[in-house]
Each structure stands twice: as C-alpha cells, then as structure tokens.
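Subject: Structure handover

Hi,

Here is the structure for your set. My notes follow below it.

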Amino acid sequence: IVYKMEQNIPLVSICVITYNSAKYVVETLDSAKSQTYKNIELIISDDCSADNTVEICKKWIECNGSVFKRIELLQSATNTGVSANLNRAYSACKGEWVKAIAGDDILLENCIADNINYLEYNPEAEIVFSKVQPFGDSSAIERMNKVFSKSYAKLCLTQKDINKLLLCGNFIPAATTFMKKYVWEQSGGYDENIPLMEDWPFWIKVGHMNKRFYFNPIETVKYRMHEKSL
C-alpha cells in the first residue's frame with residue numbers, strides 16, 4: 001500500500017484489551033504485527049485474567065516485540081472491567097492516534113493504513129469508524145450483518161441526528177474505533193462506574209462535546225462471534 005501521508009506519519013497506538021483471552025490472543029497480536037503501516041506502538045492491558053493470557057503475551061513479546069516502535073504489557077491486580085482496562089491502556093499510550101482491539105478480534109492487515117489514508121481527505125476528523133467483518137459462530141453472523149448494516153446507515157446521518165439516536169440505543173461499531181488520543185483525554189475517559197459497557201456512554205459524552213463521528217465505509221476489523229464474548 002502507498003501511504004498518502006509520507007511526511008511525518010503519526011505514531012499509532014494499538015491497544016489490545018485482554019481478559020481470559022488465552023484461546024485467541026495470539027491471533028489478535030499477530031494481526032497487529034502484520035499491519036502494513038509500521039509506525040506503531042503496542043500496548044497490551046490485561047484485566048487480571050484467570051487463565052494464562054499474560055504468560056502467552058509475554059512469550060509472544062519476546063519473539064515479536066522488536067517489530068514495534070515501543071511495546072508495553074500492563075497487568076491489573078484485580079478484575080476491574082473493560083472501562084477501567086481501556087483507561088489504563090489509553091493512559092500508557094504515546095501515539096497521536098489510538099486503535100483499541102479486544103483480545104479475541106482481528107485487525108485486517110490494512111486497518112491502520114486505511115484509517116491514516118482516510119485522514120488525507122478528512123484532515124479535521126478526530127473519531128473514525130468503519131465496517132466490521134463478523135466471523136466465528138455461524139448462527140450469529142447473518143443476524144449481526146443485518147445489525148451492522150443498519151448501523152452504517154445511521155453513521156451517515158448528521159452529527160445532530162446521531163446524537164439523538166444514541167439516546168435511544170447504541171449502534172456504533174466500537175471494534176472499529178480509530179480516535180485521537182486527546183479526545184479520550186478531553187472527555188475524562190471511559191466511565192468506570194459502568195464497568196462492562198464502555199462504549200455507549202462514551203459516544204453520548206463525546207457526541208455532546210461536539211465531536212463529529214466520521215464513517216470510513218470499508219472493512220478494517222474482523223469481529224469474532226463466540227459463546228464467551230462480553
């Protein structure tokens with residue numbers, strides 16, 4: 001792929017968020033390693049997994065850590081929930097842009113490059129969403145494709161209308177979020193009083209901070225469907 005922003009390309013932080021992710025986390029980490037965009041740091045934040053997720057991550061870092069500009073593994077002494085886990089990861093980031101990914105999902109190899117290239121045509125963008133590619137549990141994929149297709153249509157509305165619709169329900173594909181780190185800083189972060197629902201309250205908050213949601217209509221993430229998904 002040819003990068004449109006050849007001069008001073010920004011550092012991007014990929015944040016892998018894990019909790020009992022041993023079965024899938026290597027696939028997630030490999031997808032970060034395989035990015036065609038190379039100015040990346042990797043932050044892995046584990047929320048006190050009861051399985052051997054951390055050991056797997058440490059071993060993977062030993063073999064692959066040199067690929068990234070910087071790499072950091074964070075561990076929590078207690079299980080705090082996804083909102084706090086994301087806040088820890090974002091706090092450690094040094095990148096201008098942040099791409100979070102759950103430890104069971106997969107970044108398509110051009111995920112970061114496609115988001116960075118989108119910014120050439122939308123330089124004012126601070127939060128970008130895109131399409132997901134569901135995979136895994138075949139019984140859920142067709143249903144989720146219908147849900148996501150409706151979400152994409154809503155993301156093409158005006159920000160005023162998106163803000164109104166968000167008061168009725170969450171329809172934004174969080175797995176695809178590509179965001180300026182300072183948006184998270186200005187917002188005060190994810191609400192840790194809602195430990196297992198980080199995204200919906202955050203979208204409402206930043207939407208009412210007059211942050212526009214931009215939609216890049218291409219697939220950037222593979223979204224795994226399985227029985228233990230949060």
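Start with K94. Leaving aside neighbours within four places in sequence, K94 is in contact (heavy atoms within 4.5 Å) with L11, S13, E41 and R70. K94 and E41 are 53 residues apart in sequence, yet 8.0 Å apart in space, C-alpha to C-alpha. K94 sits in the loop between α3 and β4. Helices (H or I, at least four residues) and strands (E, at least two) are DSSP runs, numbered from the N terminus. K94 is exposed, with a relative accessible area of 59%. The cut-offs: buried is under 20% relative accessible area, exposed over 50%, partly exposed in between (1.4 Å probe, protein chains only).

This is a predicted model: local features need pLDDT of at least 70, side-chain atom pairs count only at pLDDT 80 or more, and totals for chains, interfaces and linings use all residues. Residues are numbered from 1 along each chain as its sequence is written, and side-chain values use heavy atoms, with hydrogens and water left out.

Next, helix α3, residues 82–92. Nine of its eleven residues are buried, so α3 is largely enclosed by the rest of the structure. Among the buried ones are L86, A89 and Y90. The buried residues of α3 pack against β1, β2, β3, β4, β7 and α7.

On confidence: mean pLDDT (the predictor's confidence in each residue, from 0 to 100) is 93, and 95% of residues reach 70 or more. Over residues 1–6 the pLDDT is below 50. Where pLDDT is low, the predicted coordinates should not be read in detail.

Best wishes
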